[in-house]
Amino acid sequence: MAAVRKNNRHKNAGQVTFIFNILHASHIVSPRPFVKQIACRATPMEKAANSASANVSGSCPPFKLLLSCPAGLSQSQVSVVFDEAYDRIPHQDTNLENSISEYGGRILHGGGANQDSHVCLQLGLTDYRTFVGTNLNPLWEKFLVPSEDDSICCQHTSSPLGNGAVVETSDQKIIVLRRSSNVGEFPGSFVFPGGHPEPQEVGITSHHYVKDLTGSELINQKVSREMFDSIIREVVEEIGVPAASLCSPVFIGISRRELNVRPTAFFFIKCSLESKEIQKLYLSAQDGYESTQLYAVSMIDLENMTSNMPGCHQGGFALYKLMAEALKIT
């Protein structure tokens with residue numbers, strides 16, 4: 001079943017946005033000194049998920065799982081190190097760098113993480129202009145560095161950290177949206193609700209501003225909390241459900257689409273409402289310009305829809321499937 005609404009609003013394309021970018025993500029089993037640029041190696045389960053996707057498409061999978069947490073992690077199990085050391089590194093090709101200025105906020109840039117009981121994310125700061133000028137640049141592949149280490153491979157791209165939510169209704173359906181024709185990326189595609197964490201929500205406008213504040217640990221805690229607060233905001237705004245109907249999100253991993261190497265952190269959220277109630281609420285959701293239809297689907301139907309999802313969201317489904325399989329085992 002699908003709820004359909006008329007799309008009559010447009011997002012301000014010139015809006016300035018601050019975004020976190022991600023350098024690396026890693027699991028931490030036991031306390032140890034944190035090392036910049038830890039290699040993200042696929043676990044056997046991640047390799048299996050990537051392999052399954054390749055078998056379906058008959059080619060390389062359109063995503064890579066940078067981090068998988070099938071058991072799901074609470075906010076207390078996800079920490080952040082926010083530092084300019086994890087910002088994007090300018091490319092040595094000045095002509096390539098100059099091409100960025102042809103495009104048009106601030107975004108969290110993703111760095112790195114360590115396995116099972118705790119995850120630490122290394123986050124820097126980037127902006128929308130640099131995202132469009134690197135990741136969405138027709139020459140985006142020229143910004144990549146040949147390396148098996150993702151933190152090195154993508155060190156010259158903006159790599160803003162997006163977020164997505166696998167929302168399960170009380171009648172065991174999963175919520176999927178169809179993007180409108182007004183959005184810049186993947187118009188008409190199926191996606192999970194989501195967006196990205198907002199540095200402004202925790203008072204971050206620049207690294208200089210952060211240095212003026214006392215206590216970097218406090219900033220790290222605020223950024224970590226924003227990772228979880230932001231996905232609740234996105235779900236509320238995009239599908240129209242009240243925040244009180246949503247359980248606390250659990251972090252299930254990070255997927256990166258191979259096309260222009262865009263990473264997205266995924267969460268699993270249970271909703272206390274039935275799918276029919278959500279479809280009614282969706283008709284008056286705040287972010288009416290981003291999608292035109294809401295679907296409440298079964299796992300089987302969801303799997304059939306993934307071929308029309310952006311690669312990072314296909315990876316989000318793979319992370320959800322790994323979580324579902326882990327729950328069966330336990």
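Q: How much of the protein chain is buried, out of its 330 residues?
A: Buried residues come to 55% of the 330 in the protein chain, where buried means under 20% relative accessible area, exposed over 50% and partly exposed in between, with a 1.4 Å probe and protein chains only. This is a predicted model, in which local features need pLDDT of at least 70 and side-chain atom pairs count only at pLDDT 80 or more, while totals for chains, interfaces and linings use all residues. Residues are numbered from 1 along each chain as its sequence is written, and side-chain values use heavy atoms, with hydrogens and water left out.

Q: And which residues touch the most other members of the largest nonpolar core?
A: Those are M227 and F251, in a core of 41 residues; a nonpolar core is a set of buried Ala, Val, Leu, Ile, Met, Phe, Trp, Tyr and Cys residues joined through side-chain atoms within 4.5 Å. Helix α6, residues 216-239, gives the most to this core, with eight residues, helices being DSSP runs of H or I with at least four residues and strands runs of E with at least two, numbered from the N terminus.

Q: What is M227 in contact with, neighbours within four places in sequence aside?
A: With those neighbours left aside, M227 is in contact (heavy atoms within 4.5 Å) with V80, L121, L123, L161, P197, A265 and F267. There is also a second, separate core of 21 residues, which includes Y295, L302, M305 and Y320.

Q: Switching to cysteines, how many disulfides are there in the whole structure?
A: A search of the whole structure finds zero, taking a disulfide as a pair of cysteine sulfur atoms within 2.5 Å. For C271, which is in no disulfide, the nearest cysteine sulfur is that of C247, 8.1 Å away.

Q: Is C271 buried or exposed?
A: C271 counts as buried, because its relative accessibility is 5%.

Q: OK, helix α7 next: which residues are buried there?
A: In α7, residues 275-282, the buried ones are S275, I278, Q279 and Y282. Seen down the axis of α7, they fall within an arc of 100 degrees, so they line one face of the helix; the arc is that of the directions from the helix axis to the C-beta atoms.

Q: What does the face of α7 turned away from its buried side carry?
A: That face carries the exposed residues K276 and K280.

Q: Last one, where is Q314, and what does its side chain reach?
A: Q314 lies in helix α9, residues 311-329, and its side chain reaches the backbone oxygen of M309 at 2.9 Å. Q314 is buried, because its relative accessible area is 15%.

Terms used: Polar contact = N/O pair within 3.5 Å; in protein donor to acceptor, adjacent residues only side chain to side chain.
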